[in-house]
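Hi everyone, thanks for coming.

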Amino acid sequence: MRDDSTRLIPIGKFGRPHGVKGELRLWAYNADSPLYHDVIEGWAGEGERRREVRVRVGRWTDRFAIARVDGVRSREQAAELTNLELFVARAALPDLGDDELYLIDTIGWPVWLLDDGGRRRHVGEVEEFIETGANEVMRVRLLAGGSLLVPLLEHCVLEMTPER
């Protein structure tokens with residue numbers, strides 16, 4: 001098993017500035033994560049271009065957090081972070097329970113559908129996850145080409161295991 005403790009994991013995305021003192025919106029990919037209760041040591045960027053940041057979440061609205069990034073003291077400086085993702089090292093993620101997993105770890109897993117007879121049929125692999133606001137959606141890269149969107153709901157996804 002490879003050590004991916006230094007791999008960078010996206011945990012949110014910066015939105016537009018909030019006010020004139022350097023605060024900005026932070027759209028959290030998992031607002032329930034304990035990561036947001038403390039200073040976040042991470043990286044902001046897109047693609048391979050990233051810079052180190054220290055982020056403090058001050059308060060939450062119903063849809064996003066108001067955050068402050070160390071060294072950012074003006075609306076103009078905050079605007080430079082708009083639409084950049086916030087990443088942390090894999091090692092910074094909270095430990096999981098025995099029956100838990102991180103969705104990012106399932107990318108590349110095979111996807112099986114049940115046919116009318118209840119038999120499993122391999123149809124593709126997990127490509128990515130999309131946050132819709134109502135629930136997460138899994139994009140499956142189909143073996144036959146194209147993709148399939150599957151909502152992560154109990155009646156749609158019966159099981160997620162690392163079976164290969």
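Which strand gives the most to the lining of the second largest pocket? Strand 7 does, with 5 residues. Before going on, a word on the model: it is predicted, so local features need pLDDT of at least 70 and side-chain atom pairs count only at pLDDT 80 or more, while totals for chains, interfaces and linings use all residues. Residues are numbered from 1 along each chain as its sequence is written, and side-chain values use heavy atoms, with hydrogens and water left out.

Now that pocket. A pocket is an open set of points on a 1 Å grid over the protein atoms alone, where a 1.4 Å probe fits, with protein on both sides within 12 Å along at least five of seven lines; lining residues have an atom within 4 Å of a point.

The largest pocket has about 900 Å³ of space. It is lined by 27 residues, and Asn-30, Tyr-102, Leu-103, Ile-104 and Glu-136 lie nearest its centre. Strand 8 supplies the largest share of that lining, 4 residues. Strands here are DSSP runs (E, at least two residues), numbered from the N terminus.

Let's turn to rings. The structure holds 2 aromatic pairs. Rings of Phe, Tyr and Trp (its six-membered ring) pair if their centres lie within 6.5 Å; planes under 30 degrees apart count as stacked, over 60 as edge-to-face and the rest as tilted. Why is the pair of Trp-27 and Phe-64 called tilted? Because their planes are at 55 degrees, with the centres 4.8 Å apart. Trp-27 is in strand 2 and Phe-64 is in the loop between strand 4 and strand 5, 37 residues apart. Phe-64 is buried at 6% relative accessibility, whereas Trp-27 is partly exposed at 32% (buried is under 20%, exposed over 50%, partly exposed in between, with a 1.4 Å probe and protein chains only).

The rings of Tyr-36 and Trp-60 have planes at 85 degrees and centres 5.6 Å apart, so that pair is edge-to-face. Tyr-36 is buried, at 5%, and Trp-60 is partly exposed, at 38%.

Terms used. Grid points are joined across faces, edges and corners, and a volume is the space filled by probe spheres set on the points.
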